[in-house]
Amino acid sequence: MTYDVVQHHQKLTSLLQSETPFATVTLIDIRGSAPQITGAKAIVTTAGIESGTIGGGKIEAAAITHAQRLLTATEGTGCDFVVWNLQTDIGMTCGGEVKLFFEVHGKVDWPIAVFGAGHVAQVLVPMLCQLHCRVTCIDPRPNWLAKIPEHPKLTKRCVEHPNELVAEQSAGTFFVLISKGHATDLPVLAELLSTRDAPYIGVIGSPQKASVLKRELKQRNVPVEKLNSYFCPIGIPLGNNTPAEISISIVAQLIQQRDELGVLDHKVKRF
């Protein structure tokens with residue numbers, strides 16, 4: 001064994017449980033001289049090396065820098081394979097070449113805020129937690145929030161005035177407004193349109209509700225150019241009005257918009 005497998009997995013578990021993003025670095029192959037053996041592993045966070053080693057010295061310093069770059073990059077893949085010449089790329093006097101595989105864990109670039117914990121949210125939120133995203137569900141009713149199953153990707157917030165949490169959501173957040181009615185969706189929507197340039201805003205409701213929302217947003221002096229910057233009715237036009245099929249239509253639209261905007265660097269399914 002080229003590393004302490006028990007310690008390695010204990011550290012992985014600890015970082016995952018604390019929701020700390022990290023990268024694993026594996027020494028895949030060596031040509032010539034290198035200060036470690038094939039299969040060596042290290043774990044790196046934005047703060048530096050957490051566990052293990054791929055050889056120390058300049059190789060490890062370069063690997064830590066590369067891993068941290070992957071962790072902080074706003075674009076790019078979560079995996080990377082590099083081939084470094086120890087003289088020309090690393091600046092070492094010994095000759096040789098190393099091949100390293102980097103894999104990023106816990107870095108989520110797709111935040112979704114769901115305002116509302118009612119019947120649709122009860123189905124929608126668990127669906128979203130199966131995707132590569134992080135979900136915040138906001139509602140003033142603790143009993144409804146409690147019904148949604150806990151998940152490491154889910155944060156629940158119970159506040160009397162949900163619109164006050166709009167400012168807390170990170171840049172790039174997708175907003176889903178599916179609260180108990182027009183009166184509770186409107187303040188959140190008005191706050192969003194007045195203060196943010198969100199990549200996606202969807203509001204549950206009928207075409208009639210959409211007309212009423214626009215009229216009342218105008219009365220709140222929301223900029224005219226923002227009045228067509230959200231989806232209402234939310235979701236793509238398929239299925240019926242059951243919570244399950246509404247949720248499927250919402251998830252489909254979220255994925256559609258995510259891929260059109262290039263939020264995640266991944267292979268997009270084509271037909």
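Predicted model: local features only at pLDDT ≥ 70, side-chain atom pairs only at ≥ 80, totals over all residues.
Q: OK, start with β1 to β5. What order do they take in their sheet?
A: The order is β3-β2-β1-β5-β4, in an open sheet of 5 strands with antiparallel pairing. Strands here are DSSP runs of E with at least two residues, helices are runs of H or I with at least four, and both are numbered from the N terminus. Two strands pair if DSSP finds at least two bridges between them.

Q: Which ones are the edge strands?
A: β3 (48-52) and β4 (79-85), each of which pairs on one side only. From one strand to the next, the twist averages 25 degrees. Angles run from 0 to 180 degrees between N-to-C directions, with axes fitted as lines to C-alpha atoms, for helices over the stretch in contact.

Q: How many bridges join β2 to β3?
A: There are 4, and β2 (residues 41-45) runs antiparallel to β3. One example is A42, whose bridge partner in β3 is G52.

Q: Which strands does helix α1 touch?
A: Helix α1 (residues 5-17) packs on the sheet and touches β1 (22-32), β2 and β3. Contact means heavy atoms within 4.5 Å. The direction of α1 makes about 20 degrees with that of β2.

Q: And α2?
A: Helix α2 (residues 57-72) also packs on the sheet, touching β1, β2, β3, β4 and β5 (96-105). The α2 direction makes about 30 degrees with that of β5.

Q: Moving on to β6 to β10. Is the pairing in that sheet parallel or antiparallel?
A: Parallel, in an open sheet of 5 strands ordered β8-β7-β6-β9-β10. β8 and β10 each have a single partner strand, so one side of each is left without a neighbour in the sheet. The twist here averages 15 degrees from one strand to the next.

Q: How many bridges do β6 and β9 share?
A: They pair over 4 bridges, and F115 has L177 as its bridge partner in β9.

Q: Which residues touch the most others in the largest nonpolar core?
A: I112, V125, L128, V176, I250 and L254, out of 28 residues. A nonpolar core is a set of buried Ala, Val, Leu, Ile, Met, Phe, Trp, Tyr and Cys residues joined through side-chain atoms within 4.5 Å. Buried means under 20% relative accessible area, exposed means over 50%, and partly exposed is in between (1.4 Å probe, protein chains only).

Q: Which element gives the most to that core?
A: α3 does, with 5 residues.

Q: Is Q169 buried or exposed?
A: Q169 counts as buried because its relative accessibility is 11%. Q169 is in the loop between β8 (154-158) and β9. Leaving aside neighbours within four places in sequence, Q169 is in contact with A113, T136, I138, F175 and R196.

Q: Which residues make up the aromatic cluster?
A: W110, F174, Y200 and F231 form one cluster. Rings of Phe, Tyr and Trp (its six-membered ring) pair if their centres lie within 6.5 Å; planes under 30 degrees apart count as stacked, over 60 as edge-to-face and the rest as tilted.

Q: How do F174 and Y200 sit together?
A: They are stacked, 5.6 Å centre to centre with 20 degrees between the planes. F174 is in strand β9 and Y200 in strand β10 (residues 200-203), 26 residues apart. F174 is buried at 0% relative accessibility, and Y200 is buried at 1%.

Q: Which charged residue lies over the face of W110?
A: R258, at 4.9 Å from the ring centre. A charge sits over a ring if NZ of Lys or CZ of Arg is within 6 Å of the ring centre and within 35 degrees of the ring normal. The charged end of K147 sits over the ring of W144, 3.9 Å from its centre.

Technical notes. Residues numbered from 1 in each chain as written. Heavy atoms only, no water.
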